[in-house]
Amino acid sequence: MKQEDLSTRDYDLSTIQEDRRFLRCRRETIVALIVAILLVVLPEAITLLPKWGPVSGYRYMLGMPMWFTLAYATVIACCIFALLYSILGIREDPLDDEEDVNSDLPNEEAKS
Amino acid sequence: MNIASEKQKVIFITFLVYLTVTLLFGVIAKRRKAARGSDFAESFFTGNKAMGGIVMGLMIMATMLSSGTFIGSVGAGYFYGFTYIIADASAYGLFFILLCSLGKRLNIVARRINGSSVVQLIKSRYANNNVLAIGVAVSCVIFLSFYCASQLVGGAKMFATMTGQNYIIGLVLFGVVVMIYTLVGGISSVASAAVFQGFVMLVAATGLFVSMQLRAGEMGGLASMYQTLVGTENENLLQVCGTLDGKYMISLAILGALCGFGMPHAIQGAISYKDTKAMKTAIVVSLAVSCVIYIMMNINAGVMAHVLNPDLTASDAAMPYLAATVMPAWLAGILLSGAVAAIQSTLAGMLLVICSTIAKDIYRDIFNPGVSDKKLQKVTYVVIVLVIAMVIILSINPPDLMQKIVYLAMGGLGATLGVPVFFGAYWKRANEYGAIAAVFGALLTYIAAVYILPQIAGGMEPFVVSVVVGIALMIVVSLMTKPSPKGTIQVWFGEKYDKKFALRTDPIR
């Protein structure tokens, strides 16, 4: 396909067949964003929502104020989940494109 | 209040041993690079994309852990207490969030376009628009320079407190060491030293954590120690939102979780790994080790430092005094080395990005495309020296709490670069007009929120309002204008693409 045709901005985006690796990256990104949301929401929810009372009445867990220990535990839980997902969930896709005699041509010409 | 001079001598000697070993890594890396021989830019800035997972993981971790981890967070914990520590904790997942979402994605495209920097990636995605490239490059250089200055400030403060030496000597000493091993070996030198530095950081953090627990044991346990603050003016350090309100706390957590999308030094590391297996190892290593270090450094250090040394005039001195109080001198020397290791590795990583941006992305790619490898090498070396000199000058009069400079830099980078990078990777409809609007809109909003009209931040970190503006502008302007060129979307999203188009660097109208 000519370079001018590749420079065109009048085309249908949906005709571009997406690389399978990028589709998997999209799914992995959703997981990453869920972890990001949990890392913000969970500790702050435990800290801000319950009425923990005056400092003089605080209970302590593992030597630290209970609200802090519980909130911090959620952070550690999220990190453990992230670690497990990294080991078991992220797929080992090849980073180089596969060798293909049609790889210089856009998708629609490669099909024909 | 001073640390005993005998203790300071031992600390200083231990530190000098560490510096010597670090310099040796630069020399060894240079000899190995010379034996391999390769294109200067590829080798210097990305190591020819040949780094294994453990090295890459330790390097990313070493560049991400910084003076903020060892000095700034402890100082902020000393000043703000447990509420701050929780708000800051969202950053523990930063490596995972960045690499899991963008690592593979950007690495694949970087190979297609033969790119080795964030600016090149952004240019490729957005029709090789030079206005956008210059805007992104300027943002990178400005905010990374702030970040570099915060590293030097933190390190020099710690060095001066622990060794009794002059602050300026500390500034110059390890600023010059970083410059030498960066000049000598480029990213290979940074990587070689990072493995050693990562190990030193781990030993340092472990030593501090164990020492703190032993000291707490002598005082009847952690709870007894913290309860000495109850009924005093400092009991708000234990209290929920005692020193930070809920809104600001949430905004700080958002900054910590999301700013990684705009960290050019982390992204540049991510496009340097050799395969996905290496990337997974990098995520696992960097996540596990950095979490362990964050937990050991941050969970108790700041508030404990307040109990043991309540009268410090500068919060950033909390960590040095804590270390000198609870640790034997030789171990405190290793902690100083660990902190300096974190600082130097982060500084070196950022220095490489600044130099890559100026020498390659602006000078070579926009103004002098035909420049020879030899001349580019000279330009790079000159830029490294000039940037270090500028950062040292910027650091001569340090601010009160260095963690504020770290957040300033992180927020600026995240707001200006994060939106075009993330949307470019995952939204086909994003185009250069939306990206230009997002970058400049976010930058202006950020500057206004920090310096001119703080009220527009609404009592939150300025990063939040800037990102919202950036995202809104990206979406609205992109939808109001035509999509990116077809060839660009094929390169960035397609199964098939045109290789000649992928390698284009001229603007596509």
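**Entry 1: the interface**

I began with polar contacts between the two chains, and I found 30 residue pairs in polar contact between chain A and chain B, both residues at pLDDT 80 or more. I note here that the model is predicted.

Which elements of chain A give two or more residues to the side that touches chain B? I listed helix 1 (3–6), helix 2, strand 2 (64–65), helix 3 (66–88) and helix 4 (107–111). Helix 2 of chain A gives the most, with 17 residues. I then sorted this side of chain A by class and got 39 nonpolar, 12 polar and 18 charged residues.

Next I looked up the extent of the interface. I found 69 residues of chain A in contact with 83 residues of chain B. The area buried between the chains is about 6700 Å². Carbon and sulfur atoms give 66% of that area.

**Entry 2: chain A by itself**

I turned to the layout of chain A. I counted 4 helices and 2 strands. Read from the N terminus, the elements run α-α-β-β-α-α. Chain A has 112 residues, and 44% of them count as buried. I also checked contacts in chain A between residues at least 6 apart in sequence: 67% of these join residues at least 24 apart.

**Entry 3: salt bridges across the chains**

How many salt bridges are there between chain A and chain B? I found 10. Over all chains the count comes to 19.

I kept a general point in mind: side chains of opposite charge can pair when their charged atoms come close.

I looked at A:R20 and B:E495, whose closest N and O atoms are 3.5 Å apart in a salt bridge. A:R20 lies in helix 2 of chain A, and B:E495 in the loop between helix 21 (486–493) and helix 22 (499–502) of chain B, so this pair joins two chains. B:E495 has a relative accessible area of 24%, so I wrote it down as partly exposed.

I then took B:K104 and A:D93, which form a salt bridge with the closest N and O atoms 2.9 Å apart. B:K104 belongs to helix 6 (residues 94–113) of chain B, while A:D93 sits in the loop between helix 3 and helix 4 of chain A. Are these two residues buried or exposed? B:K104 is buried, because its relative accessible area is 1% and the cut-off for buried is under 20%.

A:D96 and B:R111 form a salt bridge at 3.3 Å between the closest N and O atoms. This pair also crosses between chains, from the loop between helix 3 and helix 4 of chain A to helix 6 of chain B. A:D96 is partly exposed at 47%. B:R111 is partly exposed at 21%.

Salt bridges that share partners join A:R24, A:E28, A:R91, A:D93 and B:K104 into one network.

**Entry 4: a buried threonine and the core**

I picked A:T47, which lies in helix 2 (residues 20–48) of chain A. Its relative accessibility is 0%, so A:T47 counts as buried. What does A:T47 contact, leaving aside neighbours within four places in sequence? I found A:W52, A:W67 and A:A71 in chain A, and B:I86, B:V240 and B:M249 in chain B.

I looked up the largest nonpolar core next. This core has 203 residues. Those with the most contacts inside it are B:F70, B:F96 and B:Y226. I followed B:Y226 and found that it touches residues of chain A, including A:Y60, A:G63 and A:M64. Among its partners in chain B are B:F82, B:L238 and B:N300.

**Entry 5: loops and backbone**

I checked for positive phi outside glycine. A:L62 has phi near 55 degrees. A:L62 is in the loop between strand 1 (60–61) and strand 2 of chain A. At 69% relative accessibility, A:L62 counts as exposed.

B:A127 has a positive phi of about 60 degrees. I placed B:A127 in the loop between helix 7 (118–125) and helix 8 (130–163) of chain B. B:A127 counts as buried, because its relative accessibility is 2%.

Last, I located B:G459 in the loop between helix 19 (432–452) and helix 20 (462–480) of chain B. B:G459 is partly exposed at 44%. I compared B:G459 with B:Q268, 191 residues apart along the chain, and their C-alpha atoms are separated by 33 Å.

Note on methods: Residues numbered from 1 in each chain as written. Chains lettered and ligands numbered in written order. Predicted model: local features only at pLDDT ≥ 70, side-chain atom pairs only at ≥ 80, totals over all residues. Heavy atoms only, no water. Buried < 20%, exposed > 50% of the residue type's maximum accessible area, 1.4 Å probe, protein only. Contact = heavy atoms within 4.5 Å. Buried area = accessible area lost by both parts, 1.4 Å probe. Salt bridge = Lys/Arg side-chain N within 4 Å of Asp/Glu carboxyl O. Polar contact = N/O pair within 3.5 Å; in protein donor to acceptor, adjacent residues only side chain to side chain. Nonpolar A, V, L, I, M, F, W, Y, C, P; charged D, E, K, R; others polar. Core = buried A, V, L, I, M, F, W, Y, C linked by side-chain atoms within 4.5 Å.
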